[in-house]
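Let us walk through this structure chain by chain and look at how the parts touch. Keep the view open as you read.

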Amino acid sequence: MGITVSKTVYNQLKTQFGDAIGEYIETASPFIEVKSESIREVARFCKELGFDSLMCLSAVDTKGMKISSSPQENKTQKPAPPKEEIQVVYHLNSTFTRDKIALKVCLDRTSPRLPSVSSIWGVANWHEREAYDMFGVIFDGHPALSRILCPEDWEGWPLRKDYVFPERYHDVEHKRKPSGAEFLDGEKKQ
Amino acid sequence: MTVHGEELVINMGPQHPSTHGVLRLLLKTDGEVVGEALPQIGYLHRCFEKSAERVSWNGVVPYTDRMDYVAAISNEWSFVLAAEKLGNATVPERGEYCRVISAELQRIASHLVAFGTFGIDMGAFTPFLHAFRDREKILDILEMMSGARLLYHYIRIGGVMSDCDSKICEMIKLFIKDMRTRLPEYHQLLSYNRIFIERTANVGIITREQAINYNITGPNLRATGMEWDLRKCDPYSIYDRFEFKIAVGTCEHGVSGDSWNRYMVRLIEIEESLKILEQAVEQIPAGPISAAIKVFKPAPGEIYARTEGARGEIGFYVISDGDLKPFRVKAKSPSFCALSGFHEYSRNLMIADLVALLGSIDIVLGEVDR
Amino acid sequence: MSSFLQNYFVSFIAGLLNHQPLAWILYGIISGAVILGVLSAYGALAVYAERKIMAFMQCRLGPMEVGPEIELRIAGMKILPKGWYGLGVLIADGIKLLGKEDTVPAKADSLIFKLAPAIVFAATITSFVVIPFAPFFTPADIDAGILVILAASSIVAVGIVMGGYASNNKWSLYGAIRSVAQVVSYEVPMGLALLSVVMTTGSLALADIADNQSGWAWNWHAFSNVWLFIAAIIYIISSLAETNRTPFDIPEAEAELVAGYHTEYSGMRFALFMFAEYINMLLVSLIASVFFFGGYYSGIQWLDRYYFLGPFVLGAKALLLVIIMIWLRWTLPRFRVDQLMTLCWKAMLPLSIIAFVGAAAALFQTSLVFAIFWRFCILILLALFAFEVAKGIRTKSISRKATE
Amino acid sequence: MNEGRIEEFEDLLHSIRSTSTRLGESAVAMRLDLMLKWADWCISTSRLNSLWPFSFGLACCAIEMMATAASRFDMDRFGAGVFRASPRQADLMIVAGTVTYKMGERVRRLWHQMPEPKWVIAMGACATNGGPYDLNGYHVMKGVDLVVPVDVYAPGCPPRPESLLNALIKLQDNIRTGRDRQIRAAWERSRWSNNTLTTAPLTKDVQNN
């Protein structure tokens, strides 16, 4: 059921938006590629189609991915690693027809930026903040884009594949060294 | 005539008896009335998604346990379902039954905690201990099944860890019988207490539009009168074999989507879960409990799988690049979504109502912050 | 007449010392010390009772291992097992709280912060001097005893406000504000309920009120007249609010205000607040017994000859009411602030006015027919209540039977 | 950090004791010393029998902590059943769950708000050393003893209620023998006792408490 629905939705989107819609990729859960500039309009259109709830909004960093998760067009070729980019995936659900579709936006890894959909689905607000917190994806038009899970003064984007763990945070050592020698000594002396 | 004074900004949490963990609410109050409540989260951010990328497929399961620690098995199941769909693994019949039994037991246990803690929020301490007394019986059964009391690691890719044998089935039957007599007591103690109804009915209303906009699922959505249960609406596993009703808000007191209905939906769901358990224990077939999978290594691909947890839809967006470890795991947790709209439906409530709202949404911070 | 014992005692000491004022001072000190000692013992026991009753209601045991690790045997009979049923907590809690660090928050109003618990405690204790403990024995037999009680109980609220304000904590402030609103509101129906009795008796002195109820139990005010029965119920409900007990414990609502007005108090100051709460419970129960339930009269006429039974009878009645308060606390949820006010101003105040007017009307109808009719009304009310209780018990036993 | 927050009462005891030893081996001094020993015993026995825990749950372990307080296990049997929501009235902080950096400074702050004498039980693997989040948890503090002194560690993930009760009994033993003071003193000498996470002025979002 899911696949046919996605296909019809894809066709509708393609006629509506033309070039802004990329490919339709068929996997276990198929998704539609969307150009980053027009994601807000596409999302609004999808909501009008009846996809009234955003189940999940996730960002993915494809750096270091061995084989692309989308199936290769040419099966004879050796599976190639995908482009290094940041993807933002929207999983939509319709509470009327019980259909699901997925939209995917691919972004440049150095400065990922795309319009926010928090005005369309309320839940996107926090999901986008989380994506910003974890990947540094900037959502234009978001009411309050700030870190949500990590503290305000945290450095780096933790879920990126090239994230280096901090040595210490505010003087608290991150890797716990063997328990302080002075601690044990002190106990013996007593 | 109304008098408006200066706004008082007050911090509720991260250590506060009724925030159910380490949630922090920034309240802008005018006297007893809360103008705005802004949730601040992240005090329990345990880097689940980073950890999941760095362990094997089966190794992720214990981490999912620790997300929603009150209902661990629902989380395990959701992740395992995603992995199985990616890797095309099949689960033997008996394994599916074991999963259903454990998940439903877990759902009852989770709702009992919700019932008890909501009682504490309302000032009634005793129902909490009565609920925990009955929860201990479930924990006994789950302990016999998995060996752990709280975080089980029971559901594995391809099946379950250990069998639900006849002795356990007997225990479950006894428990069902016992629990059916307890529920009237709960209603007597709390549900139909006049003060409790006064406190919760018509308080903290979440409308259906708000609920769908903020993707609130599970009991909180069903309390608005909407029949949305993934066990029926998007059936997975073997839930289509069991007869049960979707618990929706009864509106016996108050309007749909208020705190009392959210509370009541959970108690009705306990009854429905008992029904499922009864059928599952009767029907459970003989056979293996787990498919023999030595090394789980799914083909490259991505999937979004969801199950109906105790708090709503638990979704896992999993990407595999054909390695022994998942490439990316994103967890969508119902509490996170429910809390993201909190500022909207907590507007102009009194402080005591805010506690009722928060308690009836039944959040688990481990799941919000992950 | 009621101060007979007191006068006898003072004149006895005066005779010994040959100095009248000194005798009065000595008498004050002695009776104060006795009251304080009894109250301390009661306070510790009440905390223990609360923990035990709560535990039994919650299918637990409560403190068990806290006590001497030897059995108590008297003449070979085992009286108490190891741990003495946790009786040790009585002492342990006290000594521990004494030895705790006494913190005053940095930005708190230090003087008021330190003064508040003392005021609450002193105001609570003060009221005890006008309670008639036995015929001919009231520590301070004041003609307007009830006014002393009403005044002192208002001062408690002042102490709570001081504590809540001085803590420099927003939750404490909330607790303090709520407390004022609550106490001020509930004093009105409470005062009216007490006034109905005062009007019936024609005296403000507590000893006279108690003496008015001698004889059999149906002479007790609560059972003499349906209006006073209503007044008694109103008094008991508003006394729950007066003592900040569930369902009216909004000034220290744990789920909402962390610990309410005493959030910032630690150690002995906190203990004083807690102590005052338990003593206040006893106080309102004593007043309820004196005003409505016969005071030191046992309700059995031929027993009342033995005057020395008076304090025990009064104590038993008061403790029963205290236990009911504990029972309610661990059963009921808590009201919201505005519901509390609604209940007070829209339900209890009209009802208390009705009771007051009714009691006044009943004064004119003293014939036997009416006396029987009023008591018959009370019987009907009690029967209705008993029926409700029986229904509850029956459903429970049915559900229990279904298990077996 | 070391603000000399030692109880006045104990100070008094120590000063009396030193005076009594200065007096020499007189009979009075010996009698006094005996009395002080008895007083010491009284105080420590009272304290260990009346450990009021701080109702402060962080994560999974909090559920087990609740189970420990509930009907089957009943922590109240040991006199430790009065859960206080305000740190000012608590004696025992049970750190039940994972401590993150964001929470760490709050934990330290709550610990500071508790009046002396106070004790800490680190419940579970996370509070002990980071537990399952040791390797990959970039935001997880590797043990709560980096910010507060821990008296007893309860092992397990999560520890069973029996384990927590055992930790409580261990703590009672420590108080009985006076070992808790040694542990505290050793921690205060260690390099963990003053780190900038907790001694630095609080960041803006904390100050409006």
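**Chain B and its partners**

Chain B holds 15 helices and nine strands. Both are DSSP runs numbered from the N terminus: helices are H or I with at least four residues, strands are E with at least two. The radius of gyration of chain B is 21 Å, close to the 21 Å that the globule rule gives for 370 residues, so chain B is as compact as a globular protein of that length. That radius is taken over C-alpha atoms, and the globule rule is 2.2 Å times the number of residues to the power 0.38. Along its principal axes, the C-alpha trace of chain B spans about 75 × 45 × 30 Å.

A word on the ground rules. This is a predicted model, where local features need pLDDT of at least 70 and side-chain atom pairs count only at pLDDT 80 or more, while totals for chains, interfaces and linings use all residues. Residues are numbered from 1 along each chain as its sequence is written, chains are lettered from A and ligands numbered from 1 in the order in which they are written, and side-chain values use heavy atoms, with hydrogens and water left out.

Now look at the pairs of chains. Which chains share the most contacts? Of the five pairs in contact, it is chains A and B. Contact here means heavy atoms within 4.5 Å. Chain A and chain C, by contrast, have no contact, and their closest C-alpha atoms lie 25 Å apart.

Stay with chains A and B. Their contact takes 41 residues from chain B and 49 residues from chain A. The size of an interface is often given as the accessible area lost when the parts come together. Chain B and chain A bury about 3700 Å² between them, and 59% of it is on carbon and sulfur atoms. This buried area is the accessible area (1.4 Å probe) lost on putting two parts together, summed over both. B:Lys50, B:Glu302 and B:Phe327 supply 17% of the area that chain B buries against chain A, more than any other three residues.

Charges meet here too. Chain B and chain A have five salt bridges between them, each a side-chain nitrogen of Lys or Arg within 4 Å of a carboxyl oxygen of Asp or Glu. A:Glu130 pairs with B:Arg370 in a salt bridge, with the closest N and O atoms 2.5 Å apart. On the side of chain B that touches chain A, strand 6 of chain B gives the largest share, five residues.

**Chains D and C**

Turn to chain D. In contact are 32 residues of chain D and 33 residues of chain C. The two chains bury about 2600 Å² between them, with 52% from carbon and sulfur atoms. Six salt bridges cross this interface. C:Arg60 and D:Asp76 meet in a salt bridge at 3.5 Å, N to O. Helix 2 (residues 27-48) of chain D gives the most to the side of chain D that touches chain C, with three residues.

**Inside chain D**

Chain D has domain 1 (3-48) and domain 2 (61-208), with bounds from an automatic or database domain assignment. Their contact takes six residues from domain 1 and eleven residues from domain 2. The area buried between these domains of chain D is about 800 Å², of which carbon and sulfur atoms give 51%. How many salt bridges lie between domain 1 and domain 2 of chain D? The count is zero.
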